[in-house]
Amino acid sequence: MAFEKMKLKEIEVWDGNMAASHAMRQVQIDVVSAYPITPSTPIVENYSKFLADGYIEGEFMMVESEHAAMSGCIGASAAGGRVATATSAQGLALMMETLYQASGMRLPIVLNIVNRALAAPLNVNGDHSDMYLTRDSGWIHFDAYNPQHVYDLNFIAFKVAEDHDVRLPAIVSQDGFMTSHTAQGVRTLDDDTAYNFVGEFKPMNDMLDLDHPVTHGVQTEEDWHFEHKARQHNDLMTKVFPKIEEAFDAFEKLTGRRYNIVETYHMDDAEVAIVCMGTSVETAAEVAKELRENEGIKAGVIGIRVLRPWPYKQLQEVVKNLKAVATLDRSSPNGAPGMLFNEISGVVINLDKRPVINNYIYGLGGRDLTKVHVAEVFRDLKANADAGKLTTPTQQFIGVRGPKLSYL
Amino acid sequence: MSMENTGWDGFEIGAMLRSFDGPAKDIALTKQEDRNYSKNNSFTASVADWRIIKPVFNKDYCIDCQFCWVYCPDISIISRDKKMLGVDYDHCKGCGICVEVCPTNPKSLLMFPEQKDTEEAIAEWPEKEKKEK
């Protein structure tokens, strides 16, 4: 079936959802299997409009749930096609079982997650509790801070995931509403350039290769299962970062836009730093610059660009000379320190010299993280750095009403 | 790729298993016994050890209608050139559908306990049922 190319302006005004839809259109996906859910709904809505208007050749499957959506993606991917979908929150939670199937079967599916709080209470706004569910699921995970990143990281996600040395599914996450529904200028690639960057889909052990029939999704008990899981972990730990670096380099060569596994802002001579994800990275970077000018705090920001595989060694290089680090988790850990606190603590634990680390829980259910909040965190960090030890409780909540909440 | 000696450290990614050693050309026209099934294909494995009742085939009454072959959910009816040959006991789960669909009188397939000797079963075969008017 023929399809039309779309002519894009050099800069389009797109929100994160539209950016994802266009990237999905441009890479010429074979099958999108989806069940729309706020705030990711417009991704598949836009995509199906492109399809109806003749700009897409592939199949669009409307299914009865997110579990079925990812199951459809798994079947289509095993059959030997380029496959993607999108979801949020409750949908992602329902999809969880199949995420492990996709990664265990080494199927290079791309999933756009538009972050949203998990009920109850029901809430459609952005926080990271949904994407935190996927941490151990064996997917590669890219985090976008704005619509431009969503657009660019989708191409990189397909390129890395589909590489035959990798063959692992990849998530591109963006903040619900703050990124997904906030229109900004996005620098575009023309259809041919975008498609050629990712390249033609190269099937591997596809079920539609009728001369070489294969069984996907087999059962392995105690004599094989462990080795399969160990190999999957090994490939995540050793094979993915070189391919991501390659893709980031190639993308920079093509567009001039540079991505890094760990993004750093004002970090060259920083003594204190905030580690965070999503839109908060940009807010924090602005505040760091202002506090440097106004209060002389040597503040920096570390943005997690790749959450999985976890950039342990790369982060060691970035944090080793810091005096104090704040880890900002936009998800209620429900009875523990936050994920970024635990994982950053793991990064520094065996260094000779390590920073004081504390943890902030913020922004649940779409609550704004303001520049005032971030400035307060930096002032805490300055006090910790000066004292050489924690001057605050290990974990604090910011931006929540009522008496100050702090633990540990 | 041959899976002949695939051990724990020889598998391919994704716990993907190959049905055949080498390409499978014209597989639909190749009889099962002539296909190059790999060791990982269940054709070469017994997957029927939980069966407690089994269909016994009595060729004296069979009209080779192929109903059992068509309806068997596990491809366990062995038929060649439209002649019914018997049951593949390495794969038959004992569901009894073949007996249910058998149109002859008496039936050419009947269920017996798993441990029943086939010759004994055939000796006990029922007579033709008279139609009641």
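With 408 residues, chain A would have a radius of gyration near 22 Å as a compact globule, and its value of 21 Å agrees with this. The radius of gyration is taken here over C-alpha atoms, and the globule rule is 2.2 Å times the number of residues to the power 0.38. The C-alpha trace of chain A spans about 70 × 55 × 45 Å along its principal axes. The structure is a predicted model, in which local features need pLDDT of at least 70, side-chain atom pairs count only at pLDDT 80 or more, and totals for chains, interfaces and linings use all residues. Residues are numbered from 1 along each chain as its sequence is written, while chains are lettered from A and ligands numbered from 1 in the order in which they are written.

Chain A contains 13 helices and 17 strands; helices (H or I, at least four residues) and strands (E, at least two) are DSSP runs numbered from the N terminus. Of its 408 residues, 51% count as buried. A residue is buried if 20 or more other C-beta atoms lie within 10 Å of its own, exposed if 12 or fewer, and partly exposed in between, with C-beta atoms placed from the backbone. Among contacts in chain A between residues at least 6 apart in sequence, 79% join residues at least 24 apart; two residues are in contact if their C-beta atoms, placed from the backbone, lie within 7 Å.

Chain A is divided into domain 1 (11-255) and domain 2 (262-407), with bounds that come from an automatic or database domain assignment. The C-alpha centres of these two domains of chain A lie 28 Å apart. Their contact takes 26 residues from domain 1 of chain A and 20 residues from domain 2 of chain A. On the domain 1 side, helix H5 (129-132), strand S6 (140-143), helix H8 (225-238) and helix H9 (240-255) of chain A each supply at least two residues, and S6(A) gives the largest share, four residues. By class, this side of domain 1 of chain A has 13 nonpolar, nine polar and four charged residues. In this scheme Ala, Val, Leu, Ile, Met, Phe, Trp, Tyr, Cys and Pro count as nonpolar, Asp, Glu, Lys and Arg as charged, and the others, Gly among them, as polar.

The largest nonpolar core has 116 residues, of which Ala157(A), Val160(A), Ala170(A), Val272(A), Ile274(A), Val275(A) and Phe378(A) touch the most other members. Such a core is a set of buried Ala, Val, Leu, Ile, Met, Phe, Trp, Tyr and Cys residues joined through C-beta atoms within 7 Å. Helix H6 (residues 147-162) of chain A provides the largest share of this core, nine residues, and the core draws at least three residues from each of domain 1 and domain 2 of chain A. Leaving aside residues up to four places away in sequence, Ala157(A) touches Val110(A), Phe142(A), Ala170(A) and Val172(A).

In chain A, seven strands form an open sheet of mixed pairing, in the order S10-S12-S11-S14-S15-S16-S17. Two strands pair if DSSP finds at least two bridges between them. Strand S10 (262-265) and strand S17 (406-407) of chain A stand at the edges with a single partner strand each, so one side of each is left without a neighbour in the sheet. Strand S11 (residues 272-276) and strand S12 (residues 299-304) of chain A pair in the parallel sense over five bridges, and Ile274(A) stands opposite Val301(A) in S12(A).

Chain B has three helices and five strands, which follow the pattern β-β-α-β-β-α-β-α along the sequence. Its radius of gyration is 18 Å, well over the 14 Å that the globule rule gives for 133 residues, so chain B is more spread out than a compact globule. Of the 133 residues of chain B, 19% count as buried. The domain assignment of chain B gives domain 1 (1-45) and domain 2 (47-123), whose C-alpha centres are separated by 27 Å.

The contact between the chains takes 18 residues from chain A and 14 residues from chain B. H8(A) gives the most to the chain A side, with three residues. S9(A) is joined by two bridges to strand S1 (residues 17-18) of chain B, and the two strands run antiparallel; Val214(A) has Arg18(B) as its bridge partner in S1(B).
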